[in-house]
Amino acid sequence: MRIVLLGPPGAGKGTQAHRLAERYELDLIATGDTFRWNVQNDTELGREAKSYMDAGELVPDDVVVRMVVHALSSVKNGFILDGFPRTLTQAQALEDSLGEHGSPLSAVLVFRLEDEVAVKRLAGRRTCPSCQRTYNVEFHPPKSDMVCDYDGTELIQRRDDEEHTVRHRLEVFKAASEQLEKFFDARDLVRVVDADAPEDQVTERATAALDDLAEHLAGG
Ligand code: AMP
């Protein structure tokens, strides 16, 4: 399966992407994580992306597309894309790249969430800079104060999770999301998942959509 996850920041796409990738044995390509890794390791790509990321702006299309096309070239089985595409140009580039290999997208899961719920989730989010696992000071605190349950690293608040930047990211998301949904809807790929529920329940909804799709693909 070749899957794209769409939805506002805060919808839990990252968590769901990890779970779905494991369950269906798919490669996970998360553009935000890849950029953060590059920023942390001070690569050329990281230096190019950092100022956009800190401001909650999109990294230019040509930079992102190059990165994703490169990542897709080593995919064996199938993939989940988290955080890409975010513009029509990126969506078109993805379609072109997959078309060249005769392996079009299987589905686009669209996660829906109200703005204020997203703000609450993100402004309270704390991230492990080592393994990228996330917590929430209110809904999902770490077992021990402010350190990662898995590797003990001190948790941080991402700069782009500060509330004013979160609100800006939501605006940036909205500016493109309608067009993106239309683009994929016209190709009959969209499946909507209500993301305003506990993580396990959202996973159930997402897997129900994908199991249905897998059956459909196997049958057809
Ligand atoms: P995320 O963790 O997916 O919210 O991504 C964090 C930041 O990385 C975004 O706010 C952007 O600055 C950048 N980024 C990630 N994916 C993309 C993309 N597809 N297009 C442009 N910028 C992106």
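Predicted model: local features only at pLDDT ≥ 70, side-chain atom pairs only at ≥ 80, totals over all residues.
Is Phe79 buried or exposed? Phe79 is buried, with a relative accessible area of 3%. Phe79 sits in strand β3. If we set aside residues up to four places away in sequence, Phe79 touches Met1, Arg2, Ile3, Leu26, Asp27, Leu72, Leu98 and Leu105. For a sense of distance, look across to Asp185, which is 106 residues from Phe79 along the chain; the two C-alpha atoms are separated by 20 Å.

Which residues of α4 are buried? They are Val63, Val64, Val65, Met67, Val68 and Leu72. The buried residues of α4 pack against β2 (27-30), α2, α3, β3 (79-82) and α5 (88-100).

Helix α3, one of those packing partners, holds Ala49. With a relative accessibility of 0%, Ala49 counts as buried, because the cut-off for buried is under 20%. Beyond its neighbours within four places in sequence, Ala49 is in contact with Phe35 and Val59. Ala49 can also be placed relative to Pro60: the two are eleven residues apart in sequence, and 8.4 Å apart in space from C-alpha to C-alpha.

Let us step from helix α3 into the loop between α2 and α3, where Asp42 is found. Most residues other than glycine have a negative phi, and most peptide bonds are trans. Asp42 has a positive phi of about 50 degrees although it is not a glycine. At 48% relative accessibility, Asp42 counts as partly exposed. Another residue with a positive phi is Met146, at about 60 degrees, and Met146 is not a glycine either. Met146 is in the loop between β6 and α7 and, at 30% relative accessibility, counts as partly exposed.

Leaving aside neighbours within four places in sequence, the residues in contact with Asp161 are Leu122, Ala123, Arg125, Thr127, Val166 and Arg169.

Two further loops are worth a visit. Pro8 lies in the loop between β1 (2-6) and α1 (13-24), and it is buried, with a relative accessible area of 6%. Apart from neighbours within four places in sequence, Pro8 is in contact with Lys13, Phe111, Leu113, Leu170 and Phe173. Pro8 and Val172 are 164 residues apart along the chain, and their C-alpha atoms are separated by 9.4 Å. Asp188, by contrast, is exposed, with a relative accessible area of 69%. Asp188 is found in the loop between α7 and β7 (190-194). The C-alpha atoms of Asp188 and Val108, 80 residues apart along the chain, are separated by 9.1 Å.

Rolling a probe the size of a water molecule over the atoms shows where empty space is left. The second largest pocket holds about 300 Å³ of space. Of the 14 residues that line this pocket, Arg36, Val39, Ile156, Arg158 and Arg159 are the closest to its centre. Helices α2 (31-40) and α3 (44-54) are the elements that give two or more residues to the lining. What classes of residue make up this lining? It has four nonpolar, four polar and six charged residues.

Note on methods
Residues numbered from 1 in each chain as written. Heavy atoms only, no water. 1 Å grid on protein atoms, 1.4 Å probe; cavity = no way out; pocket = protein on both sides within 12 Å on 5 of 7 lines; lining within 4 Å. Points joined across faces, edges and corners; volume = space filled by probe spheres on them. Helix = DSSP H or I, 4+ residues; strand = E, 2+ residues; numbered from the N terminus. Nonpolar A, V, L, I, M, F, W, Y, C, P; charged D, E, K, R; others polar. Buried < 20%, exposed > 50% of the residue type's maximum accessible area, 1.4 Å probe, protein only. Contact = heavy atoms within 4.5 Å.
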